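Please look through the sequence and the model below before reading on.

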Amino acid sequence: MPWLHQMSRNESRPNFVGFYAMRPLIWLAPFAVALAPMTADAQAPDTVEVLRQALKHPSREPAARDQAIREGCAGLHGIPEMRRALLLQEWRDGDADATMADVDRVHRQALVDRFQAAVRQALASGEASVRLAAIDMLADLGGRASATCLTRGLTGDLVALTEQGPAETREAAARALGQISPDLATALPALARLLDEKEEPLRQAAATGLAAIMREAARKATDSESGSDPRVGQELVGVGAAVLPVAGRAASDASAIVRRRAVEVMGWAATAALGQIADPRNAEDGDDAASYASRRAEEREALLPLLLALKAQGPVLAQTLRDADAPVRARARRALEIVGEASARWRNRFLPESPAGDDPLRDALRVALPSLVAGLHDPDRQARQSAVTILESLDKDAFPAGTDLAHALADPDRFIRWAAARTLGKIAPNAAQVAVPALIPLVADADLDLRLTALGALYHYGPAAAPAIAAVEAALKPDNATDVRLAALAVLGQIDSAAAIPGMTAALSDPHERVREAAARTLGHCASLARPALPALDGATKDPSLRVRRAATEALLQIASGS
């Protein structure tokens, strides 16, 4: 996951996941005194272990299991014990045997109710340390997929804590809301209200909560096990469509930290969207055309709300590309890179039979075009590299950047030169007057990949690449790689000019069989223009290679027929 990788970079900002991981026992202390007094008998059995053994018992007798679990749950006292018990893997509430599943489900739900009642009591405590310990505990639970049923029902309690009381409690509650997979209808309005607070730490906590909500949804959507579950995809779309507009407001906050978190939300949403768009190559074998088309239409409709929500943030991302804060700009660039990847995958998956322009993400990228063009001249290499990467994803829509892309062909960075050449090829034949002269020097570049990329770009300009004929013919020299010589022949064929015939004719004497064959076939495609090459083609019909002889014969017939 590219956005996950980006987010792991060092930055001097609060890392609340790491914060909870570094102090796993802090929240236990107040509970141990206030809510879970321990027996003085050091030899007393571990009540959670007693319950675990009852849950593990292989008996399939519902009455006996009901009694054992009832007794095990009755021995649990205090939040820490109930928390441990509820997270046991031995519960059979998902058992294939409905009778056994019902037994466990009833007892587990009763324990969830007891747990939540105890946590509510802690959250309402007059002791600040107890409240904060309860909030920390909920945030810690929020990282566990199995704990959602324990925490989501406490959304309203955390929301209440965000609205009044000590600032430390309000901030902690806002951050915890982001961790617990909350009920969005309750949590989002509260976080949105905090974004309007005058105190910057409160706004930062709210923005951090928003980013955590979107991050968790993206994690689920891209997880190899849960990501294929249609319910996960539906939840993701709902989360993204709801959270993105709130994050868009936060992107103009006076606090750089708040703006960073807002852009992170957009990056997570783009990452999740990318992960949800199926690779076109994954069309199931054996599906009839109607079934495949129907399934693909369902996928498109299901994902469209998320893509439209991302499209609406296009102007915001364009704005943040020019933000005064460097980390904000970096996050905006990365988010747009992922939007570009998702756009390309969307087009490959859905657009072959869809109306032209039916790509919401493309619209988000178009809005950012002026900022991306400026980014090609940024002193920072990463900024230039990101700008050219995003422009490449725009294909022909990047043509207004033609002059600036041509300038980027002289960039000190090899990757930027390579990507700029590729992008110039994709916008062809637009900007031919600036692109072709700028591509010519790269045909003789010392780097093989750049030579091939430059030739590939010139190929797309067709006759407009005529000024490059001399440079392309020079690439036919035998000291160049075979792939370069083959690419050069393809370019000369596309130029389709009488001036290109001598170079192709000379290639009939190339030491490599593949080049001689390609030269013959390319001359044949030039039809009547290639008449001066007839004697050389006649000689090629006596070539030692059967493939070359056949290509030469076919070329002679094509030229003779003028087709």
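**Cysteines, helices and a cavity**

Cys149 counts as partly exposed, because its relative accessibility is 39%, a value that lies between the 20% limit for buried and the 50% limit for exposed. The model is a predicted one, and the points below are grouped by topic.

**Cysteines**

**Helix H15**

- Helix H15 covers residues 256-276, 21 residues in all, and its span of 30 Å from the first C-alpha to the last is close to the 30 Å expected at 1.5 Å a residue.
- Of the 21 residues of H15, 19 are buried, and the helix is therefore largely enclosed by the rest of the structure.
- At the start of H15, the backbone nitrogen of Ile257 has a side-chain oxygen of Ser255 within 3.3 Å.

**Helix H8**

- Helix H8, made up of the 14 residues 128-141, reaches 20 Å from its first C-alpha to its last, which is close to the 20 Å expected at 1.5 Å a residue.
- H8 is mostly covered, with 11 of its 14 residues buried; among the buried residues are Arg131 and Asp136, together with Val130, Leu132, Ile135, Met137 and Leu138.

**Gly233 in helix H14**

- Gly233 is placed in helix H14, which runs over residues 230-250, and it counts as buried because its relative accessibility is 11%.
- Between Gly233 and Glu299 there are 66 residues of separation in sequence, while the distance in space, C-alpha to C-alpha, is 9.8 Å.

**The cavity**

- Rolling a probe the size of a water molecule over the atoms shows where empty space is left.
- A search of the whole structure finds one cavity of 30 Å³ or more, and the volume of the largest cavity is about 40 Å³.
- The lining of the largest cavity includes Gly142, Gly143, Arg144 and Ala145, as well as Thr148, Thr151, Ile180, Ser181, Glu216 and Arg219.
- At least two residues of this lining come from helix H9 (148-151), and at least two from helix H13 (200-222).
- By class, the lining of the largest cavity holds five polar, three charged and two nonpolar residues.

Definitions and conventions: Residues numbered from 1 in each chain as written. Predicted model: local features only at pLDDT ≥ 70, side-chain atom pairs only at ≥ 80, totals over all residues. Heavy atoms only, no water. Helix = DSSP H or I, 4+ residues; strand = E, 2+ residues; numbered from the N terminus. Expected span 1.5 Å × (residues − 1). Buried < 20%, exposed > 50% of the residue type's maximum accessible area, 1.4 Å probe, protein only. Polar contact = N/O pair within 3.5 Å; in protein donor to acceptor, adjacent residues only side chain to side chain. 1 Å grid on protein atoms, 1.4 Å probe; cavity = no way out; pocket = protein on both sides within 12 Å on 5 of 7 lines; lining within 4 Å. Points joined across faces, edges and corners; volume = space filled by probe spheres on them. Nonpolar A, V, L, I, M, F, W, Y, C, P; charged D, E, K, R; others polar.
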